[in-house]
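Here is a short briefing on the structure shown below. The points are grouped by topic.

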Amino acid sequence: MNNMDFNKLQNEGVENVPMQERRDFLKMGLAITGIFAGGTLLSAVSTFNKANAAEFAKKYPYSPHYSMVMHQDRCIDCERCMEACVATNHVPNVHGAYRTTILEKETPDAVGGKREFIPVLCNQCNLPQCTRVCPTKATYKDKTNGIVMMDIKKCIGCLTCQEGCPYNARYFNEHKKAVDKCNFCIDTRISKGEKDTACAHACPAGVRIFGDLSKQDSDVFKTVHQIEKAVWVLRPEAGTRPNVFYTKG
Amino acid sequence: MMLRLITVIAALSALAAGLAFANAYPEAPIVYDKPVRGVIFSHKVHMEKGLSCEMCHNRLFEMKAKKSQDNKDFVMESLYQGKYCGACHNGTLAFASNTRCATCHIGVKGEERLKNGGKTEKKSH
């Protein structure tokens, strides 16, 4: 340790840091940004005011780089998105099976509105945990558009991907005998020439905006890159660089 | 003569009934399900703010619950133009219709919670 040159150390990545350890650090207001020297050294930064989307949106490695922006405060939990998704993607009507769902957050002490609905789906992360942990490569990033895909023939149903996903975006489909997840309707709509996903299409309140982040004239690009309104991602500390962004207004 | 008397009695009893129920209102909240599910209206909340029946009935809403949702124009755009809830919820008399969405839109989750007496049936794991 005495003669260690810190400048020459390589960041070995945060993917292998256990979730509990990350949480312990987060409770202290620190996000782990790297591990060095075989895990004997950790680097961390303050999480204060870190919910900035810009750092997640520096580069778009895919073309088209599909993305979704949620105008969270517009969501009224009418669940038309969920109905449309179920109908379009044949999601079975069983407990816990969904490709997209809506979370509810109540803040009884808030002034004015006290309830928020938060639509969630697969974040199609740039650095997904699920594809990393899959032992059979049944789940993978599509090389063209970056969508996290499922090859159900290869899936052995071990559910390791479910454990790895920080967004709870995967379920076991009894009919397919494989894990199923949101794929931005690539097979059911986008590849057939539709311009948006079933959920975005069904939303009566303009919550879900689907588009191509690699195009500067797209609504998603314009929303993610403006600075007037806050834009954030869910669970940034997971370090997976998600492609689903949230904003209000 | 007899017919006339009956008519008078009927009219009087109707009036009496009307008087007796002048300040009565449905206790349970009304939950609209069209054009979107899970939109709450609570008589209790509004009466506690000191509103009287005739401020809304029948000028804005008929007495029959959820009758308005059969109308094609029962949409947010109408509210912004001052129809239905928008007569008061305009940002002056009460919070504007295009703010605090989830206050009235309790959603499918809110609707199910009301049905189950306060408990949310957990759909996700």
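A:Gln124 sits in the loop that links β5 (115-121) to α3 (129-133) in chain A. Its phi is near 45 degrees, a positive value in a residue other than glycine. This is a predicted model. The predictor gives the complex an ipTM of 0.77 and a pTM of 0.77.

- Is A:Gln124 buried or exposed? A:Gln124 is buried, because 29 other C-beta atoms lie within 10 Å, and 20 or more are needed for that label.
- A:Leu159 also has a positive phi, near 65 degrees, and is a residue other than glycine.
- The loop between β7 (148-150) and α4 (160-164) of chain A holds A:Leu159.
- A:Leu159 has 13 C-beta neighbours inside 10 Å, so A:Leu159 counts as partly exposed.

**Cis peptide bonds**

- In chain A, the bond between A:Ser63 and A:Pro64 is cis, with omega about -5 degrees.
- A:Pro64 belongs to the loop between β2 (41-46) and β3 of chain A.
- In chain B, a cis peptide bond joins B:His57 and B:Asn58, and omega is about -5 degrees.
- B:Asn58 falls in the loop between α2 (43-48) and α3 of chain B.

**An open sheet in chain A**

- Which strands make up the open sheet, and in what order? Four strands of chain A form the sheet, in the order β10-β3-β12-β11.
- The pairing in this sheet is mixed.
- β10 (208-212) and β11 (231-232) of chain A are the edge strands, and each pairs on one side only.
- Strand β3 (residues 66-71) of chain A runs antiparallel to β10(A), and five bridges join the two.
- A:Met70 has A:Arg208, in β10(A), as its bridge partner.

**Nonpolar core**

- The largest nonpolar core contains 52 residues.
- Which residues have the most contacts inside the core? They are A:Val69, A:Ile76, A:Val224 and A:Phe245.
- β3(A) gives the most to this core, with four residues.
- Leaving aside neighbours within four places in sequence, A:Val69 is in contact with A:Ile209, A:Val220, A:Thr223, A:Val224, A:Phe245 and A:Thr247.
- Two of these partners, A:Val224 and A:Phe245, are themselves listed among the residues with the most contacts inside the core.

**Domains of chain A**

- Five residues from domain 1 of chain A and four residues from domain 2 of chain A take part in the contact.
- On the side of domain 1 of chain A that touches domain 2 of chain A, three residues are nonpolar, two are charged and no residue is polar.

**Confidence in chain B**

- Chain B has a mean pLDDT of 84, and 75% of its residues reach 70 or more.
- Which element of chain B has the lowest mean pLDDT? Helix α1 (residues 2-20) of chain B does, at 53.
- Helix α3 (residues 76-80) of chain B has the highest mean among the elements of chain B, at 97.
- Over residues 16-20 of chain B the pLDDT is below 50.
- Beyond near neighbours in sequence, that stretch of chain B has zero contacts in the model.

Methods
Residues are numbered from 1 along each chain as its sequence is written. Chains are lettered from A and ligands numbered from 1 in the order in which they are written. This is a predicted model: local features need pLDDT of at least 70, side-chain atom pairs count only at pLDDT 80 or more; totals for chains, interfaces and linings use all residues. pLDDT is the predictor's confidence in each residue, from 0 to 100. Two residues are in contact if their C-beta atoms, placed from the backbone, lie within 7 Å. Two strands pair if DSSP finds at least two bridges between them. A residue is buried if 20 or more other C-beta atoms lie within 10 Å of its own, exposed if 12 or fewer, and partly exposed in between; C-beta atoms are placed from the backbone. Ala, Val, Leu, Ile, Met, Phe, Trp, Tyr, Cys and Pro count as nonpolar, Asp, Glu, Lys and Arg as charged, and the others, Gly among them, as polar. A nonpolar core is a set of buried Ala, Val, Leu, Ile, Met, Phe, Trp, Tyr and Cys residues joined through C-beta atoms within 7 Å.
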